[in-house]
Amino acid sequence: MLVCEHASYYIPATFNGLGLSKADRTSHAAWDPGAFAVAERVAHHLDANLIAARVSRLVYDCNRPPSAADAMPARSEVIDVPGNRNLSQSDRAVRVDAYYRPFCDALQRAISRIANPIIVTIHSFTPTYHGKTRSVEIGILHDSDARLANAMLQVAATHTSAKVARNEPYGPDDGVTHTLKEHAIEAGHLNVMLEVRNDLIATGEQQESMAATLSNWLVDAVAQLRVAGAVQCRT
């Protein structure tokens, strides 16, 4: 089960662009460039289902619970979001009902139709953040259930020269594992969150190459877990 919470930079007309410039509305603050294309290709390689959010994460970040301040951020890194300033509880509730609840319901329905589901979320991140260069190229993230992440890290260690890191450039303490906690961990489903530096997936060729790499790692990791008897699952 592939998930892409930051697939789109679309902002419905009713929000007046959230008061942002065109450049800011299509920047990484608004979505994860390249992530949806990679997720689509991984889903194709694995014959998997894919659920993706249809609106910008500045309207509602579907990888955050309604209680999180950054579910509708007033500021994202160096970008102020005028349309998210001083939102009332009623304003927030409207967005929760319009975007977050339908996304969660669709994901849960899709998961319920799969025997022994494996939940994989796909994200991208910027090469620099607050002026600091990020050397990590691929992050393999997990929350309290590290089974699949551990296996993928072992596979990656022998299959790539890329800089791969655990819980980088973000981790559970940053609140980024909400989807995993909400839809996988409590139910005991294998799960992992994958973060790819977005300069590595800027073109179609790069996206296809990265998707093939991640798909192969996932297949090998699940096979490794199955051989070890750690889980009963299917790809």
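A: Welcome! One definition first: a helix axis is a line fitted to the C-alpha atoms over the stretch in contact, and angles between N-to-C directions run from 0 to 180 degrees. Please also keep in mind that this is a predicted model.

Q: Thanks! At what angle do H3 and H5 pack, and how far apart are their axes?
A: The angle between H3 and H5 is about 40 degrees, and their axes lie 11 Å apart. Angles under 35 degrees count as roughly parallel and 65 to 115 as roughly perpendicular, so H3 and H5 are oblique to each other. H3 passes H5 in a right-handed crossing.

Q: Is H5 largely enclosed or left open by the rest of the structure, and why?
A: Count its buried residues. A residue is buried when its relative accessible area is under 20%. In helix H5 (residues 178-185), 6 of the 8 residues are buried, so the rest of the structure largely encloses it. The buried ones are His-178, Thr-179, Leu-180, His-183, Ala-184 and Ile-185. Among the elements that cover them are helix H3 (89-112), strand S1 (2-4) and strand S10 (190-197).

Q: At what angle do the axes of H4 and H6 cross?
A: Helix H4 (residues 147-159) and helix H6 (residues 204-228) cross at roughly 120 degrees, and their axes come within 8 Å. That makes H4 oblique to H6, and their crossing is right-handed. Residues in the contact include Leu-148, Met-152 and Val-155 of H4, with Trp-217, Leu-218 and Leu-225 among those of H6. The classes here are 11 nonpolar, 3 polar and 2 charged residues.

Q: How many disulfides does a search of the whole structure find?
A: A disulfide is a covalent bond between the sulfur atoms of two cysteines. Searching the whole structure gives 0 disulfides. For Cys-4, the nearest cysteine sulfur is that of Cys-62, 11 Å away. The sulfur of Cys-62 is 6.8 Å from its closest cysteine sulfur, in Cys-104, which is too far for a bond. Cys-4 is buried, with a relative accessible area of 0%, and Cys-62 is buried too, at 3%.

Q: Is Asp-61 buried or exposed?
A: Asp-61 is buried, with 5% relative accessibility. Its place is the loop between strand S2 (50-52) and strand S3 (75-76). Leaving aside residues up to four places away in sequence, Asp-61 touches His-6, Asp-70 and Ala-71.

Q: What phi does Glu-77 have?
A: Glu-77 is not a glycine, yet its phi is positive, about 55 degrees. This residue sits in the loop between S3 and strand S4 (79-80) and is partly exposed, at 28% relative accessibility. Asn-86 also has a positive phi of about 55 degrees. Asn-86 belongs to the loop between S4 and H3 and is exposed, at 78% relative accessibility.

Q: Which residues does a cis peptide bond join?
A: Look at Glu-168 and Pro-169, where omega is about 0 degrees. Pro-169 is in the loop between strand S9 (164-166) and H5.

Terms used. Residues are numbered from 1 along each chain as its sequence is written. This is a predicted model: local features need pLDDT of at least 70, side-chain atom pairs count only at pLDDT 80 or more; totals for chains, interfaces and linings use all residues. Side-chain values use heavy atoms; hydrogens and water are left out. Buried means under 20% relative accessible area, exposed over 50%, partly exposed in between (1.4 Å probe, protein chains only). Helices (H or I, at least four residues) and strands (E, at least two) are DSSP runs, numbered from the N terminus. Contact means heavy atoms within 4.5 Å. Angles under 35 degrees count as roughly parallel, over 145 as roughly antiparallel, 65 to 115 as roughly perpendicular and the rest as oblique. A crossing is left-handed if the near helix is turned anticlockwise from the far one by less than a right angle, and right-handed if clockwise. A disulfide is a pair of cysteine sulfur atoms within 2.5 Å. Ala, Val, Leu, Ile, Met, Phe, Trp, Tyr, Cys and Pro count as nonpolar, Asp, Glu, Lys and Arg as charged, and the others, Gly among them, as polar.
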